[in-house]
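Trainee: I have just opened this one and would like a walk through it. Can we take it piece by piece?

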Amino acid sequence: MHGSIFAFLKRFVESTYDYSTWMKIMDTTGIRRTGYQMQEMYPTQELVKIVGAISALSGKTPHQVQEQFGTFLVPDLLMIYKKYLKPDWSTYDMLLHAEDHMHSAVRKNDTRTSPPRLSVSKVSAKLLVIDYYSERRMASVGIGIVKGIAAYFNEAEEVTVTPMTNPDAVRVQLRVEFA
Ligand code: HEM
């Protein structure tokens, strides 16, 4: 997985907890790195281990940690990829174009990446269904990203996201409702 995601994960731990918590996590997971570089690639398994360690020390479930991390990621991700964003977009449009504008740009910019395949269906003006597909099984990060996008557009109160199928699966359906 792309180094940016790991660099933001480190930032997430440092800002939610502190630097010594990050050092403790490196210790308990046995990951021997001084840091993560934005332009490198790292094994997804390291992310899974770090999420597991955060879960153990915080008492949150791995799903809750993934989700919280996904929400935390959004401002930084949108900063990096803002040239693919249209200024008049809201949460609804952003989600509708997450695959064709954002993940496809991620793949094109760096062919080593493999963001999940998102198939977003417009059911009505108040309902989108996102079909997530990734061998990494991280749909809970996606739930957090959707919530983070809603917060970014000041629509957190109006947007509800619910997994309709098992969030640990390779293929997961997310229902996104707009009040
Ligand atoms: C809106 C702008 C978005 C940007 C700029 C973005 C960007 C990225 C990037 C750079 C990665 C790392 C890919 C890799 O290293 O292979 C990633 C992974 C991921 N993205 Fe997005 N993404 C966006 C929207 C979304 C949305 C709406 C979802 C909702 C389902 C989502 C779900 C995920 C998940 C769950 C991963 C973790 C890897 C995996 O599950 O395979 N993303 N994204």
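Mentor: Start with Thr 21, which lies in helix 2 (residues 19-29). Helices here are DSSP runs of H or I with at least four residues, strands are runs of E with at least two, and both are numbered from the N terminus. This is a predicted model, where local features need pLDDT of at least 70, side-chain atom pairs count only at pLDDT 80 or more, and totals for chains, interfaces and linings use all residues. Residues are numbered from 1 along each chain as its sequence is written, and side-chain values use heavy atoms, with hydrogens and water left out.

Trainee: Is Thr 21 buried or exposed?

Mentor: Thr 21 is buried, because its relative accessible area is 12%. Buried means under 20%, exposed means over 50%, and partly exposed is in between, with a 1.4 Å probe and protein chains only.

Trainee: What does Thr 21 touch?

Mentor: Setting aside residues up to four places away in sequence, Thr 21 touches Val 13 and Leu 57. A contact means heavy atoms within 4.5 Å.

Trainee: Now the ligand. Which protein donor does the iron atom have?

Mentor: His 103 is the only one, through NE2 at 2.1 Å. Donors are N, O and S atoms within 2.8 Å of the metal (3.2 Å for Na, K and Ca), and since water is not among the atoms, sites may look incomplete.

Trainee: Where is His 103 found?

Mentor: In helix 6, residues 98-109.

Trainee: How many helices and strands does the protein chain have?

Mentor: Seven helices and four strands. Along the sequence the pattern reads α-α-α-α-α-α-β-β-α-β-β. The radius of gyration of the protein chain is 16 Å, close to the 16 Å from the globule rule for 179 residues, so the chain is as compact as a globular protein of that length. That radius is taken over C-alpha atoms, and the rule is 2.2 Å times the number of residues to the power 0.38.

Trainee: How much of the protein chain is made up of buried residues?

Mentor: Buried residues make up 48% of the 179 residues. As for contacts with a separation of 6 or more, 60% are between residues 24 or more positions apart.

Trainee: Back to single residues. Where is Tyr 133 found, and what is it in contact with?

Mentor: Tyr 133 is in strand 2. Leaving out neighbours within four places in sequence, Tyr 133 is in contact with Pro 116, Arg 117, Val 170 and Arg 171. Tyr 133 counts as partly exposed, at 31% relative accessibility. Gln 173 is 40 residues from Tyr 133 in sequence and 9.0 Å away in space, C-alpha to C-alpha.

Trainee: Last one, Ala 156. What does it touch?

Mentor: Ala 150 and Ala 151, not counting residues up to four places away in sequence. Ala 156 is in the loop between helix 7 and strand 3, partly exposed at 44%. Thr 44 is 112 residues from Ala 156 in sequence and 29 Å away in space, C-alpha to C-alpha.
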